[in-house]
Amino acid sequence: MAGLYSYSIWQIFAAGSEQVLMALSELKIGRTAVIEGLLLPDEIQHHLMHMGFMPETRVQAVRRAPAGDPTVYAVDGMEVALRRETARWISVREPEEGSR
């Protein structure tokens with residue numbers, strides 16, 4: 001997967017409006033986002049989905065290792081450490097205002 005694309009932010013144009021997505025790896029510590037999709041090989045994608053990384057699920061960046069990688073994310077009541085190279089293929093968006 002490494003080297004396929006260097007994009008870290010995606011833009012989706014739907015129904016005349018623009019929705020900006022970002023890579024999970026860009027989420028700041030303490031911030032929460034909503035998972036939009038996983039662009040990973042099936043085996044890795046299925047493994048992460050079993051741990052709670054499902055579309056429309058909230059995820060929070062909890063802490064980073066001292067060297068900056070991996071990052072611990074809270075999702076579905078669990079804390080999971082992901083390397084930046086994996087997290088960059090998970091697209092997230094800001095939660096809608098007023099949603100929990």
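**Notebook: a predicted chain, looked up element by element**

I checked confidence first: the mean pLDDT of the protein chain is 84, and 78% of its residues reach 70 or more. Here pLDDT is the predictor's confidence in each residue, from 0 to 100. Over residues 1-17 the pLDDT is below 50, and beyond near neighbours in sequence this stretch has 34 contacts in the model. I take contact to mean heavy atoms within 4.5 Å.

Ground rules, noted once. This is a predicted model, in which local features need pLDDT of at least 70 and side-chain atom pairs count only at pLDDT 80 or more, while totals for chains, interfaces and linings use all residues. Residues are numbered from 1 along each chain as its sequence is written, and side-chain values use heavy atoms, with hydrogens and water left out.

**Entry: overall layout**

I found two helices and seven strands in the protein chain. Helices (H or I, at least four residues) and strands (E, at least two) are DSSP runs, numbered from the N terminus. The pattern along the sequence reads β-β-β-α-β-β-β-α-β.

Buried means under 20% relative accessible area, exposed over 50%, and partly exposed in between (1.4 Å probe, protein chains only). The accessible surface of the protein chain is about 6,500 Å², and carbon and sulfur atoms hold 52% of that. The areas come from the Shrake-Rupley method with a 1.4 Å probe; for residues, only the protein chains shown count as cover.

For contacts between residues at least 6 apart in sequence, I noted that 56% join residues at least 24 apart.

Two strands count as paired if DSSP finds at least two bridges between them. V34 has a bridge partner on each side of my search: R58 in β4 and R93 in β7. T32 has Q60 as its bridge partner in β4.

I then moved on to β4 and β5, which pair in the antiparallel sense over five bridges. In that pairing, V59 has V75 of β5 as its bridge partner. The two strands form a hairpin with six residues between them, and G68 in the turn has a positive phi of about 100 degrees.

Because five of its seven residues are buried, β3 is largely enclosed by the rest of the structure.

**Entry: the nonpolar core**

I listed the largest nonpolar core, which has 19 residues; L24, L48, F53, V59, Y73, L82 and I90 touch the most other members. Such a core is a set of buried Ala, Val, Leu, Ile, Met, Phe, Trp, Tyr and Cys residues joined through side-chain atoms within 4.5 Å. β3 gives the most, with three residues.

I looked up L24 separately. Leaving aside neighbours within four places in sequence, L24 is in contact with F53, V59, Y73, L82, A87, I90 and V92.

Is R93 buried or exposed? R93 counts as buried, because its relative accessibility is 10%. R93 lies in strand β7 (residues 90-93). Its side chain makes a polar contact with the side chain of E56, at 2.7 Å. A polar contact is a pair of N or O atoms within 3.5 Å; within protein, one must be able to donate a hydrogen and the other to accept it, and residues adjacent in sequence count only if both atoms are side-chain atoms.

E56 is found in the loop between α1 (42-50) and β4. E56 is exposed, with a relative accessible area of 53%.

**Entry: backbone exceptions**

Most residues other than glycine have a negative phi, and most peptide bonds are trans. I looked for departures from this.

E56 is not a glycine, yet has a positive phi of about 75 degrees. D76, not a glycine either, has a positive phi of about 55 degrees. D76 lies in the loop between β5 and β6 (78-82) and counts as exposed, at 60% relative accessibility.

A cis peptide bond joins D69 and P70, with omega about 10 degrees. I placed P70 in the loop between β4 (58-64) and β5 (71-75).
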